Amino acid sequence: MSSLGSSVCGYVLLLVVQIVLIIVFGFFTNYSEEILPKNGNATEGLEDKKPLAKYPHFQDIHVMIFIGFGFLMTFLKRYGFSATGLNLLVASLAIQWAIVMRGCYVMEGGKIPLSLDSLIGADIAAAAVLISMGALLGRTTPMQLLVMTICEIAVFAANEYLQVDLMRIADVGGSITVHAFGAYFGLAVSFALRPSKEDAKTGPMEGSSYGSDITAMIGTIFLWIFWPSFNSALVDGADQERAIINTYLSLAGATVITFVMSIMVSHEKKFDMVHVQNSTLAGGVAVGSVCNLLIHPFGAVLVGVIAGVISVLGYRFLTPAMLSKLRISDTCGVNNLHGMPALLSAVFSAIYASVATTEVYGNSLTTIFPAMKQNSSLTEEDLHGMVIGGYGRSAAMQGAYQLSAISLTVLIAIVGGLSTGLVLRSPMMRQLEKEEHHIDDVCWETPAESDTEEPSTNLCQ
Amino acid sequence: MSSLGSSVCGYVLLLVVQIVLIIVFGFFTNYSEEILPKNGNATEGLEDKKPLAKYPHFQDIHVMIFIGFGFLMTFLKRYGFSATGLNLLVASLAIQWAIVMRGCYVMEGGKIPLSLDSLIGADIAAAAVLISMGALLGRTTPMQLLVMTICEIAVFAANEYLQVDLMRIADVGGSITVHAFGAYFGLAVSFALRPSKEDAKTGPMEGSSYGSDITAMIGTIFLWIFWPSFNSALVDGADQERAIINTYLSLAGATVITFVMSIMVSHEKKFDMVHVQNSTLAGGVAVGSVCNLLIHPFGAVLVGVIAGVISVLGYRFLTPAMLSKLRISDTCGVNNLHGMPALLSAVFSAIYASVATTEVYGNSLTTIFPAMKQNSSLTEEDLHGMVIGGYGRSAAMQGAYQLSAISLTVLIAIVGGLSTGLVLRSPMMRQLEKEEHHIDDVCWETPAESDTEEPSTNLCQ
Amino acid sequence: MSSLGSSVCGYVLLLVVQIVLIIVFGFFTNYSEEILPKNGNATEGLEDKKPLAKYPHFQDIHVMIFIGFGFLMTFLKRYGFSATGLNLLVASLAIQWAIVMRGCYVMEGGKIPLSLDSLIGADIAAAAVLISMGALLGRTTPMQLLVMTICEIAVFAANEYLQVDLMRIADVGGSITVHAFGAYFGLAVSFALRPSKEDAKTGPMEGSSYGSDITAMIGTIFLWIFWPSFNSALVDGADQERAIINTYLSLAGATVITFVMSIMVSHEKKFDMVHVQNSTLAGGVAVGSVCNLLIHPFGAVLVGVIAGVISVLGYRFLTPAMLSKLRISDTCGVNNLHGMPALLSAVFSAIYASVATTEVYGNSLTTIFPAMKQNSSLTEEDLHGMVIGGYGRSAAMQGAYQLSAISLTVLIAIVGGLSTGLVLRSPMMRQLEKEEHHIDDVCWETPAESDTEEPSTNLCQ
């Protein structure tokens, strides 16, 4: 079915993509104005030397994308090379492509201006792809993942622009545009690639080993630690500090409740590592869209607790049901970690938005919800958003926009994911056989002393 | 002795605790004044947008608490799920409870004001609990750890307030209030839970495996790397930079000497991983209370070297003796890593304080030792501290206060630990049997391929 | 050949070195002026309280040195204790010694002034030693590594002073002074210690295991993540932001191309972990000397892609050839990760320097290339550099200086490495036997359950 030639062929294609990216970078990007050298006797001095305020936030997110997602996915007993390695490959392609795709919407004079903000945005876009990858983990070739990356980033960037720039929704932690999008895109791809009826069951290599469960905790804990940075990277000042506090509390609440729920629902009345590795993080997702709002400390913990409950129940009951009923595999359970908590977050954001008043939010109301500015006080930048958004919104309207944003995002993600899935299952692309699932040896040279037999021919494409 | 019902019972209790915490947060906390929205035409602008100066420090500490402690405790061959998982659970409960308990002493208008500083304080409080957990590692049920967390945080917060706010001692790195407190609290609990005479020996599962010793190094090295942030988080400017430099040098000195001592005292004249994983960090503890003082680079290295020597000797000779003579188990050797180096730090702080003069410290003398302010120059905030502390102290008096602080802290920790231990060994709480020590399988669903036999009934409570 | 006595002897020597360091610190170092307390009624206030702008950068580099290098070297199946432990020991000695050696060139009033910058410089110097250690990994005793550390840091500091301070070359990411220096120093030592003809082949323990390849990825990914901090730590403002963006893009390009090349050249047409663990990082090295220049985004990606190609080809063809033809072992392949990409970076820096004009660089031209200042506008600090450098250079001249810098650095590294190698193979120092290579058990107490037989006598020196 797959010859050596076609495999190398695939990677020649990847080489071509990388070369095209270089050319696109050459013609359509430049450093942003502020970091280009200045001429004349301008007194740069102080302004020029100020430290990059967002750099620590960026580095925290960078750790989440490359260590967090990468190691979280090492939980499979024989898929750690792919988890860490393909995570690195997919993200490296995604960030380059995201700089271009996201940049299309902010071009100045025919050039995409690059700054630290572009890198933060690119990392966040990569997160959406890695979430989708989690749904498919172990059931695709690397080449399929790379094609998915290219499709998904394009749709992601368009949807993000639609929701944030045009519809002016509040989503500083990306629960709507990143987590819901990534999860449902991935699940739609998974549905498109669904197995035949007799194969719709957990594979023999789909479990963890004692050691792999511990390396997965490296990923979980780094995600847990830096989630406040993820949620607060795009805001400043008091908003940022509130986002940090709320995310911290929500995660703590989700963690405690995850252990409680795990012991209650698990088969042997013991803790289940799957829950600990994933549901503890649901608090970070669920608080994402509301983390800078005045949800107050108790609200933050409560959001986390609800998310933890939903997430553990999802792992215990929903994921197996989706596999057996709908034949949708979800290797990492992204629906439970990202999907449902993101829906929850969107609903909360609608509720909080619909009751937001100047009495409570003071001057920051129109910073947080820019579309609630009165038409009389619009700046030129605001007019940009008027195409779809409409300004002078009431609080209730803003709430309705939040709900429309999550609905539209899920719809776009599903349609995008199904279309991408059709491409991935086209005859041009090699599919993995059932017995090749969740095994590194298919695509990686593995150390000789391993007791897993090595496939004698190359199966990687 | 323990039925399934009673086990779930325990976790219903944890659920209740979490709900009570939400209610307490609801009634008694709010964001601090600065991060609440402002009304009116105040010109927030610049001030409001300035980056959170302490956030990188906070995140470093956050890594220490959740990755550092968590992975350091994975050294046991079959206790890695508990090390990383229970570390996450205990710390998540501890930080919520610490925000409340520490907040009691700074309430404003009936509300505890939350800010980034509260999170830093909560993380540091969690460190004390995790140190105590290290002394008990593998010999308690999760439920016992959680009860200990609740007791310990309450005592910790009271003692911290007593020493720092009332007695005005200098302890920026928390050697006295965190390390000594946590270590002796844990050892006192361990004493209360001491085994019968015939059981007072190292258990069969108490050793490491080749792989677990390497994952433990993840914890060690992250603690080592970020210790300068831990010691310098609560000070600013020149004090902060000195704290960083001194901690860096002390750790380097402790590390070199740890390898020297290890090869000298170990049985086979080789390096011992226990020493490398732990004693290399003793330099960070020993310099804690003096790290912002003018101990000069040579003083910093010297403190580290002395701490390294004491710590390795402690692991080699004292820990076995404590077990055989006093029946005090200390799984992680917290006495050698946290206890004795903290005593050393307190003694150094007394010496340095007692010779501090305005000639040497200039204007910063009364910032570092606020109780050395003259009565004539007291501000209103200072009067707060007069209840116990007394102002206008001489340098010698400050030295005496430093010594009283460590004595009182150790005393409070031991009394608190013994009391907590009595609760933990009460008939209401399930105790682990000797053969259940240091095994994940007691409380965790473990992968089937493991060759450790699974206990047939649930033993986790 | 080696008695117990002589082994302990070696460590007594290390103890003496540490004590000498304390004495040197006592007599010849102090905190820098800015972080010493001030007297009089100076208004410190604001200035004194400003956050340490470089601290997050420092901590990122700190993670690279201690986690990055340490875990990258755990790839060997039975050398993880040494990789993480000796990395910690060697770096702890290196940073102390580097503070002294680098400080010699900036003494003020007979004292080396310590500040955060000294720590950053010390960490970077340690990187050079750890690169050299990578070339030798598993083939030396710890004592040999420590002697090498002492020699190498001294030569490193002199060469760094020569290139950066006297010759005024542009090398903000340290490709020339750190990566090329460290790689060729290490390879020269390796050549000096070369095995007899019949032993010049890969040892039986020189491979990886499935688990060790995954822990090595911890190192790789943390190096990958924080490389932008390494390259941008020594510059400010717009230069810093460009250095971050260029390094980020170069790494992404190198990563994609590494996977492409790996599948093309590897034996089974699959991904090879050696390439993924190392060549993905070559982009960070290759962009080092030019990362703050106006190489534009496409230039950054292109540099990374070229470096990735060269690096993978080096691992596949050059390293085996060097071993069989020249008997130069290179355990970690530092020539492919650090050596050749650094040469590439130097060549690029010469090209970019030789075409740099005021039209393009504006005011920043003479900040980036200080020796291109006109003689009329020299400040006193500049005169310092006139000894060798000469000022008023043309762009072409600066390009020539860049080429002379890399040539001179490689020459100094090779001469220094060969001399050091002669010391290491002197009869006074114990050498490892071939069968002792790449095994922790030679120097470490290892857990009993391991199936590797323990050497019955101590072999560590």
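Q: How many salt bridges does the count between chain A and chain B give, and by what rule?
A: The count is zero. A salt bridge is a side-chain nitrogen of Lys or Arg within 4 Å of a carboxyl oxygen of Asp or Glu. The model is predicted, so local features need pLDDT of at least 70 and side-chain atom pairs pLDDT 80 or more, while totals for chains, interfaces and linings use all residues. Residues are numbered from 1 along each chain as its sequence is written, chains are lettered from A and ligands numbered from 1 in the order written, and side-chain values use heavy atoms, without hydrogens and water.

Q: What makes a residue of chain A count as in contact with chain B, and how many do?
A: Contact means heavy atoms within 4.5 Å. By that rule 65 residues of chain A are in contact with 72 residues of chain B.

Q: What is the area buried between chain A and chain B?
A: Buried area is the accessible area (1.4 Å probe) that two parts lose on being put together, summed over both. Here that comes to about 5900 Å², with 73% given by carbon and sulfur atoms. On the chain A side, A:Tyr210, A:Tyr248 and A:Phe271 lose the most area, together 14% of what that side buries.

Q: How many residue pairs between chain A and chain B are in polar contact?
A: There are 19, both residues being at pLDDT 80 or more. A polar contact is a pair of N or O atoms within 3.5 Å; within protein, one must be able to donate a hydrogen and the other to accept it, and residues adjacent in sequence count only if both atoms are side-chain atoms.

Q: What does the rule find across the interface of chain A and chain C?
A: It finds zero salt bridges and 20 residue pairs in polar contact, both at pLDDT 80 or more. This interface joins 72 residues of chain A to 65 residues of chain C.
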